[in-house]
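Have the sequence and the 3D view at hand as you read.

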Amino acid sequence: MEFFYVVKATQKSGKKDAVIWFSAKSEARANLQLDVELEDADIETGRGKDYAKPVRTDMPVVDDLPEEGVVDFTWCERYELAEDQRTWQLKDGAAPQDAFHQEDADDGHESKIVNVEYNIAPMGFRVQLLAQFMAEDLHVYCINKETQAKIAALEMDTDNTYVQNLLLAAENAPEVKAFDMPTLWKLTSAVKTVFPQDKRSELNLVIQFVKAWATTEHIDRVLLVKEWQKGNRVAQIQRTDVKTNAGGGNKTDRPDGYEHTLDTLDEEIALATLPMDFNIYEIPGSIHRRAKEIVSKKESPFAEWSKALRKTAGILDYSRAAIFALIRGAAENVHHFPVSLQTYINANLTESKHDAPTAETVAVAQNIAGNGDELNAEEISHDEVSRRLAAERGEFVPGISDPTDPRWVHEDLTQTKQPEIANVGGGIFSIDGLMNAPAKPTEETTSHVQMEKTERAEGETNDAVSAGEGAVEDDQQTDTVAEIVCTGCGAVGGGHCPECCPVVGDATYAAMEADLKEEADARELEGSNAEILAAAAPSLANHEAADVNQKPENVNQNDGSVHQEDQNAHQSSPEVNQPEPVAEYPAFFEPGRYEGLPNEVYHSANGISSTQVKDARVSLMYFNARHVEKTITKERSPVLDMGNLVHALALQPELLDAEFSVEPVIPEGAFTTTATIRAFIDEHNAKLPALLSADDVKALLEEYNATLPPQVPLGASLEETGQSYMALPAEFQRIEEGQKQTATAMKACIKEYNATLPPQVKTSGSRDALLEQLAVINPDLVAQEAQKPQPLKVSGTKADLIQAVKAVNPDAVFADELLDAWRENPEGKVLVTRQQLSTALAIQKALLDHPTAGKLLTHPSRAVEVSYFGFDDETGLEVRVRPDLEIDLDGVRVGADLKTISMWNIKQEGLRAKLHREIIDRDYHLSAAMYCETAALDQFFWIFVNKDENYHWIAIIEASAELLELGMLEYRKAMRAIATGFDTGEWPAPITGDYTDELNDFDMRRLEALRLA
């Protein structure tokens, strides 16, 4: 990094102030180098010396920097420190002393002042804002006098309503005044994007947008601009409980101006769980108050529905009718099963027109109250709505269904309703019709008998429901999904298959019913076994409860569940292609072992983590504020955490690109400095055909003038005038004989003669003025000169030079642009410089080369970042752990955590004690005990690696039995305190009572010594 110092001379010394700058790896090295350079320059600093102590300032970004590492005494003649005493700015009337600006030195003092650029940081807020508003492609830090004058005129132009609206909106958002220049430029660009300058915009809308943009998080501002461009005047981009976009910008069936948030969503969920009927668009006050009470007390089933829906992406975009219909149309006890609940939501929350919900949706939402758009046309009874919904599901309903439909032609529709398997949507099928089916005659179609196919719900131990499937709650143990598959054509669905089996008899349905009951009984038994196994060993809950006589075929490691298909189909039946299971993460994780969970999924999942237990040891008040009320938020910082980088390289290098953004490599041939840009421009200009210089044009003009007849001089005296008069041709000597030859008369004759001569061209002025004169006498030459390519400008700012290069080389690569694009970081990743990556790679190499650490990190049976969910036996609270590394060594389960530390200055003799203090102070032993209990680990190790540059020593430390016991006891104590807090709602502060501070033994001895002194 660069270090720029000013060394001010004392007033008494009469010497000039000096500056010096250089690059160094650290401030300590910079201070050493500074002392050396000042000593070489015979500069002594401090009290009583000619110079004060050096002061570090911001590194100026100008083209006329002094030479690196050299003490310069001329810099302070041109530049001075701004009011913040950190930023450099040009003095009034001064000009940069570089080659780019010296070419304009002949233009006079005024041109220097115009080209001087002033830092806008000390200027007023409105000047800063308008400077960024006028900047088109990139933010600016400096402006010249001309731009400053334009800004002043723009600020005072009351007729420019666009600019005045922008200024007023910015003044109404206090957060804007704290923005830096890049953020101000982004704000003005966002305003120009949302409100085109060629259209009139309302002031209140501009104020509303600026306030919303200023208070919106950086990563959400692009989404905010897009919403406003679409006409959605959202005040913020709302996030779900798992930090996905919650929506809220689309128009729904809610009233105009209604601000829909996750809190108002909770009220609607609570209202939907109430049993009474009411108009969902005109909610009575008493019912609304009851809903608020449900929300405040987190009553069931509201709490379960709220937890699931608040994690659903885009949930705020769905209509009120869709939310009510979703909840009121669900099975009675579905909320008791988180996996089934999430599956039901995914299958049924499929609304597309949020501002115009369908009549069916409104009917279900209103508990058949008749408030939908279509239902308002006529009063429809509860039974009539039920009949229509049944017809849409594919059931035969007299008066609605078509009797000529092939599905019904073989049935006596006037008698008894045909048994059927009804498709209720989302992959869920109802078998109610089968269970109560009357006897019917059958046809002998043995080769076309419909076979049953079952899949277990994801909430069970061994089976998972693929994405898009739903589940029907048969009981509290199992979820059964039944499908009827025709063995003749492979069709899947309810009722009959008209192509190959128009009639199915009683025997077939009886067999189906028996198979379904047998499957349900088997699943109930397996569910009980899974509970027993989960209580004994959580790691086995999702892998070892399968039927001992049948090995699972497909294991989905992302959610720890097993997908298994029934193989009871007829041998002659064709295979039915089933959709590939899609990885889905449940809203609630049952006890067990889960591999491959993303970080955001694990950290937002149910259960108390070791970090939360440590926070509870800080104080229950802190635990409540951070994890219960969530009034304390700690979001991930974009600043690099070397520990996270080392963790990724050592344990999961394949995920490096997903979380970190590494500084780009500057390609060979890229423009890196102003000097390289100037060199390219000089080389380009040298290859161009030479242009006529001002001297060349002047010579041509003088040569032309030399060919013209000379003018007769008027003469300075009467005698000289008389001689010139006598030299005139006779016809211009108009003074008659006898008349007095006065000087005035003779000069008039001379002027008359001179007027008949060709005029001479001017030979003074700028090159453009001389070319204009040359065009009079030689237009072809001037036209040829105009056809020549113009050389690129070699003066101006660095941005001007870059644009000049791009004009002739559009493919040019500039290091500044690459680095700026990297720093913009649109994906919100952690930025890693090349130097930081080099250090992390060195640490990675040290870890892999270590005889013990390398074997642990590269062991063939290792598993990384495996998540475990379970229950605390004493309190019954849900817990979750995630050790960095686990290895199974012939039945001995070993866990390990990788820790980076900085202990470069700890003496070797005290290093073990320091590491022990690190483990105790940071509660690493508590985490290890929690890991060992929940993840069933037998041994636990810490891999400590020192992260200081070029000093990467490694310590492998095993947690002793006593240390784990201490951690377990402290963990138990903290869990009891957390459970008490949840039970009582009281979260005491770390200090709850007044006390008197007493002296310890050391202080007492000091007190006694002082008393005797």
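## Overall make-up

Helices (H or I, at least four residues) and strands (E, at least two) are DSSP runs, numbered from the N terminus. By that count, the protein chain has 38 helices and 26 strands. This is a predicted model, in which local features need pLDDT of at least 70, side-chain atom pairs count only at pLDDT 80 or more, and totals for chains, interfaces and linings use all residues. Residues are numbered from 1 along each chain as its sequence is written, and side-chain values use heavy atoms, with hydrogens and water left out.

Of the 1013 residues in the protein chain, 43% are buried, meaning under 20% relative accessible area with a 1.4 Å probe, protein chains only.

## Strands 1 and 2

Strand 1 (residues 2-7) pairs with strand 2 in the antiparallel sense, over six bridges; pairing requires that DSSP find at least two bridges between the strands. Within strand 2, tryptophan 21 is the bridge partner of phenylalanine 4. Strand 2 covers residues 18-23, and five of its six residues are buried.

## Helix 6

Helix 6 spans residues 145-156, twelve residues in total. From first C-alpha to last it reaches 17 Å, close to the expected 16 Å, which is 1.5 Å times one less than the number of residues. At its start, a side-chain oxygen of asparagine 144 comes within 3.3 Å of the backbone nitrogen of glutamate 146.

## Cysteines

The structure holds zero disulfides, a disulfide being a pair of cysteine sulfur atoms within 2.5 Å. Cysteine 749 is buried at 6% relative accessible area, and cysteine 932 is buried at 13%.

Note on methods: Polar contact = N/O pair within 3.5 Å; in protein donor to acceptor, adjacent residues only side chain to side chain. Buried < 20%, exposed > 50% of the residue type's maximum accessible area, 1.4 Å probe, protein only.
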